[in-house]
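Here's a quick briefing to read with the structure open beside you.

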Amino acid sequence: MSTTSQPESISIAAPRSSNRTGQRSNFELYSWLFMRISGIVLIFLVLGHLFIMNILDGGVQRINFAFVAGRWSSPFWQVWDLLMLWLAMIHGTNGMRTIINDYAERDQTRFWLKMLLFTAAGFTIILGTLVIFTFDPNIG
Amino acid sequence: MTAVAEAPIAAPVATDVTFRVRRFLPEVDAEPHWEEYTVPLFPTDRVLTALEKIKGEVDGTLSFRRSCGHGICGSDAMRINGRNRLACKTLVKDLDISKPITVEAIKGLPLEKDLIVDMEPFFEAYRAVMPFLITDGHEPSRERLQSAEDRAKFDDGTKCILCACCTTSCPVYWTDGQYFGPAAIVAANRFIFDSRDSGAEQRLEILNEKEGVWRCRTTFNCTDACPRGIEVTKAIQEVKRALIFRR
């Protein structure tokens, strides 16, 4: 056992040394890729959704409980809506995360804004998923 | 042959041009303020000439950086009419002189005095990407040869004069103090795509960090600002592509 090694607390950063943390992770790469891919998929999902719900067969007037119940009895529309919900929410949340990182100046503000954002996004995703999977057409 | 009397060439006329300069004297001013100066200039004069005229003939307290005055040292980057330009490469005839021409320090770096900013954060980011040749193996006994095609791959990046026009035109750099900025990424690009260099992996790893190339929002401000005509945004995209497809 060496007794000459200096305790950890003595080592201080050299003056003017970079305060970059230098964490190795591909998180930003994947989040950048996700934004591009989900964006492309969302163009088709959202425009398709708008077209089907608001323009085809009498448009928005025909939408009622029975219409929604009929749609969600098919796994195709369940998957469509679920995918749209998840992609749109994560895409939007990631965009907001970037904006908060850019514009929040203090670390505390940044942290709490992001916590608020993630809580709101998580709540919406869970609630939406729950509704799609547990929807009961015979309710009431 | 009939001799045609040549019309006498009209002597160039100097016109009064007004400049609105954002002044800041840290000993006197609490906040920067705008001041107007009117100086006679020829259309072929540079904005740098105007600043020298103001400093020499109107107000000696005006401070700015300049060295070569020929667009190669990169000292006199400033915001002219809201765009990052070199004062020595911006001619009066290319500006609208019916309104005052605004001149202010480049944004995103700490303002020290008048048109002078602290360039240290800019150079810190530059140093962080290791802008020098990294090699491995034995030292060759002759030059490190490179084909013309391989040389062409990073040619654009070699034109950089480190004036900081691109970095200080970037909205992400303005708001986020830790983004490397376009100039540092161009410097990294210049070595990443150099066939003689073997430090590409280290540089890519640095640019893959949270504050690296993924902060780029592709606004093309940097490409528009570059006085050397470097396609800065393209250089950043090349690094992104290299990061995505490297494995």
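Two strands pair if DSSP finds at least two bridges between them. With that in hand, E1 (residues 15-23) of chain B and E2(B) are joined by nine bridges and run antiparallel. One thing to keep in mind throughout is that this is a predicted model.

**Chain B overall**

- Chain B has eight helices and seven strands.
- Taken along the principal axes, its C-alpha atoms fill a box of roughly 70 × 65 × 35 Å.
- Chain B runs to 247 residues, and 39% of them count as buried.
- Looking at contacts in chain B with a separation of 6 or more, 65% come from residues 24 or more positions apart.

**The sheet in chain B**

- What is the strand order in the open sheet of chain B? Its five strands go E2-E1-E5-E3-E4, and the pairing is mixed.
- At the edges sit strand E2 (33-41) and strand E4 (83-86) of chain B, each pairing on one side only.
- On average, and ignoring direction, neighbouring strands of this sheet are turned by 35 degrees against each other.
- Back at the E1(B) and E2(B) pair with its nine bridges, B:Arg20 stands opposite B:Glu36 in E2(B).
- Helix H1 (residues 47-58) of chain B packs on the sheet, where it touches E1, E2, strand E3 (77-80) and strand E5 (101-104) of chain B. The direction of H1(B) makes about 100 degrees with that of E2(B).
- E3(B) pairs with E4(B) in the antiparallel sense, over four bridges, and B:Arg79 stands opposite B:Asn84 in E4(B).
- The hairpin of E3(B) and E4(B) has two residues between the strands, and B:Asn81 there takes a positive phi near 50 degrees.
- E3(B) also pairs with E5(B), again in the antiparallel sense, over two bridges. The bridge partner of B:Ile80 in E5(B) is B:Val103.

**Helix packing in chain B**

- Two packed helices are described by the angle between their axes and the distance between the axes.
- For helix H2 (residues 120-128) and helix H5 (residues 182-192) of chain B, the angle is about 25 degrees and the axes are 8 Å apart.
- Angles under 35 degrees count as roughly parallel, so H2(B) and H5(B) are roughly parallel to each other.
- H2(B) passes H5(B) in a right-handed crossing.
- H2(B) brings B:Phe122, B:Ala125, B:Tyr126 and B:Ala128 to the contact, while H5(B) brings B:Ala183, B:Ala184 and B:Ala187.
- By class, that contact has seven nonpolar residues, with no polar and no charged ones.

**Helix packing in chain A**

- H1(A) and H3(A) pack at about 135 degrees, with their axes 9 Å apart. That angle makes H1(A) oblique to H3(A).
- H1(A) passes H3(A) in a left-handed crossing.
- Among the residues making the contact are A:Phe34, A:Met35, A:Leu42 and A:His49 of H1(A), and A:Trp80, A:Leu87, A:His91 and A:Asn94 of H3(A).
- By class, the contact of H1(A) with H3(A) has twelve nonpolar, six polar and no charged residues.

**Where the chains meet**

- The contact takes 13 residues from chain A and 14 residues from chain B.
- On the chain A side, the elements giving two or more residues are helix H1 (27-54) and helix H3 (75-103) of chain A.
- Which element gives the largest share of the side of chain A that touches chain B? That would be H1(A), with four residues.
- By class, the side of chain A that touches chain B has four nonpolar, five polar and four charged residues.

**Positive phi in the loops of chain B**

- Most residues other than glycine have a negative phi, which makes the next two worth a look.
- B:Met130 is not a glycine, yet has a positive phi of about 55 degrees. B:Met130 is found in the loop between H2 and helix H3 (148-152) of chain B.
- B:Met130 is partly exposed, with 16 other C-beta atoms within 10 Å.
- B:Phe220, also not a glycine, has a positive phi of about 65 degrees. B:Phe220 is found in the loop between helix H6 (200-207) and helix H7 (221-225) of chain B.
- B:Phe220 counts as partly exposed, because there are 13 C-beta neighbours inside 10 Å.

Methods. Residues numbered from 1 in each chain as written. Chains lettered and ligands numbered in written order. Predicted model: local features only at pLDDT ≥ 70, side-chain atom pairs only at ≥ 80, totals over all residues. Axes fitted to C-alpha atoms, helices over the stretch in contact; angles between N-to-C directions. Parallel < 35°, antiparallel > 145°, perpendicular 65-115°, else oblique. Left-handed = near helix turned anticlockwise from the far one by under 90°. Contact = placed C-beta atoms within 7 Å. Nonpolar A, V, L, I, M, F, W, Y, C, P; charged D, E, K, R; others polar. Buried ≥ 20, exposed ≤ 12 C-beta atoms within 10 Å, placed from the backbone.
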